[in-house]
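Here is my note on the two-chain model you sent. Please read it with the structure open.

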Amino acid sequence: MDERVAATKYSDASAPRHTSLLELARLFLKLGMVAFGGPPAHIAMMEDEVVSRRGWLTREQFLDFLGATNLIPGPNSTEMAIHVGRVRAGWTGLLVAGASFILPSAVMVTALAWAYVRFGSLPQVAGILYGVKPIVIALIVQAVFKLAKTAVKSTSIAHRGRVCGAGDGAWHGSTCRACRWWFVDWAGLLAAL
Amino acid sequence: MLAGGGLLTGLAYWLRSDKRTSVKTLLLSGSGLSAFAAPSDAGASFSLTALFLVFLKIGAILFGGGYVLVALIRSNLVAGLGWISERQLLDAIAMGQVTPGPLSTTATFIGYLLGGLPGAVIATVAIFLPAFFFVAISGPLVPRLRQSPLAGAVLDGVNVAALALIAVATWQLFRSAVVDGATLVMAALSLFLLIVYRVNSVWLVVGGALIGVGSTLLRS
């Protein structure tokens, strides 16, 4: 019964092809071109496009993948794009979404690097960030607020259902692979600090 | 480093237990191992293969974003191999930040400096390849974690922590973004437009970029 509920909530395993590769490429090329401001901004814009506007993932699914990207190495926002591509269109979607998100930035940086080598200095592009950063702040604040409501809700449900929160998970650390990941992550975080 | 290593061994286990095409498995695990052998030959002369392996390694152990990326590139390419100068590193990071999209395209810039267009392509592919690999492995596990009440509860905790990390990063960004009255008005106005009129974020960002360029031109 539980498995059935979970299977309908995460229908990606049974029927992965919901979104055409062209649609995936179009969205993530667009995001790759306008997603200024680092990973939090990318996450905020992806939430807006993928969850709020297109309904490709539920907010719960989006949040779970966001958590999962924190448990594996690599750039988190790019990994979110790859997750979305995989869930919506399988293996080819994984490649298309990820490559589409990276490509605009890679092309721009290559052009800037060409100018840097050719002229020996950096082009004056910092002015763009003066105007973009305040906008990005608003985007992130809004997205974090929406995601936090979902996160807190699901956490309190877990607490009510059975006495097993994140802290209690510590006691089962040796028996559960996910718990060990959790420790690895926090160990990594502490080491980074 | 330890966390990355632990995860790699864990992933190696997953690879072996995976019953997919064995050729792909061999290829992926082989490249992962050789990447770890790469940094030992410090001061090695530049080659595209070495460039690929260094950025593959950085992509495979990169945890926690911006500052870690700078530290990894510095220890590997500035101090370790001596391929680029500190100044070039800082310029590369600046370019990764000023362009939209992932910060890791800093690797693209360094790749171009070292090996021209082929270098840029190879460095980009190398630093992002592990991300595709890790997502391909971990993605199918996420719904399975949800099926277990215990693992699901742990995931809830991780999700809250991930949001807390974003909130901290947002505060840092806020202090560097809202520097005068105009930027404060822009932040407040865009929040209003987002919530009340659900304006598409893309248009807001494009508008912000135009205002930024315009104000720079007016000042100069």
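1. Start with the fold of chain A. Among its contacts between residues at least 6 apart in sequence, 61% join residues at least 24 apart. Two residues are in contact if their C-beta atoms, placed from the backbone, lie within 7 Å. Chain A has 8 helices and 0 strands. Helices (H or I, at least four residues) and strands (E, at least two) are DSSP runs, numbered from the N terminus. Of the 193 residues of chain A, 53% count as buried. A residue is buried if 20 or more other C-beta atoms lie within 10 Å of its own, exposed if 12 or fewer, and partly exposed in between, with C-beta atoms placed from the backbone.

2. A word on the basis. This is a predicted model, in which local features need pLDDT of at least 70 and side-chain atom pairs count only at pLDDT 80 or more, while totals for chains, interfaces and linings use all residues. Residues are numbered from 1 along each chain as its sequence is written, and chains are lettered from A and ligands numbered from 1 in the order in which they are written.

3. Confidence in chain A deserves a look. Its mean pLDDT (the predictor's confidence in each residue, from 0 to 100) is 74, and 68% of its residues reach 70 or more. Residues 1-9 of chain A stay under 50, and the model has 6 contacts beyond four places in sequence for them. Residues 11-16 of chain A also stay under 50, with 7 such contacts.

4. Chain B is helical too: 10 helices and 0 strands. Buried residues make up 42% of its 220 residues. Of the chain B contacts between residues at least 6 apart in sequence, 45% join residues at least 24 apart.

5. Now the interface. Chain A puts 96 residues into the contact and chain B puts in 89 residues. On the side of chain A that touches chain B, H6(A) gives the most, with 25 residues. By class, that side has 63 nonpolar, 23 polar and 10 charged residues. Here Ala, Val, Leu, Ile, Met, Phe, Trp, Tyr, Cys and Pro count as nonpolar, Asp, Glu, Lys and Arg as charged, and the others, Gly among them, as polar.

6. Which helix of chain B does H4(A) cross at roughly 80°? The partner is H8(B), residues 149-177, and the two axes come within 8 Å. Axes are lines fitted to C-alpha atoms, for helices over the stretch in contact, and angles run from 0 to 180 degrees between N-to-C directions. H4(A) and H8(B) are therefore roughly perpendicular to each other; that label covers 65 to 115 degrees. A:Leu63, A:Asp64, A:Leu66 and A:Gly67 meet B:Leu155, B:Val158, B:Asn159 and B:Ala162.

7. H4(A) is largely enclosed by the rest of the structure, because 9 of its 11 residues are buried. Among them are A:Phe62, A:Asp64 and A:Thr69.

8. Last, the largest nonpolar core. A nonpolar core is a set of buried Ala, Val, Leu, Ile, Met, Phe, Trp, Tyr and Cys residues joined through C-beta atoms within 7 Å. This one holds 111 residues, of which A:Val136, A:Leu139, A:Ile140 and B:Phe55 touch the most other members. H6(B), residues 106-138, gives the most to this core, with 19 residues. Not counting residues up to four places away in sequence, B:Phe55 touches B:Ala107, B:Ala123, B:Ala126 and B:Ile127.

Definitions and conventions
Parallel < 35°, antiparallel > 145°, perpendicular 65-115°, else oblique.
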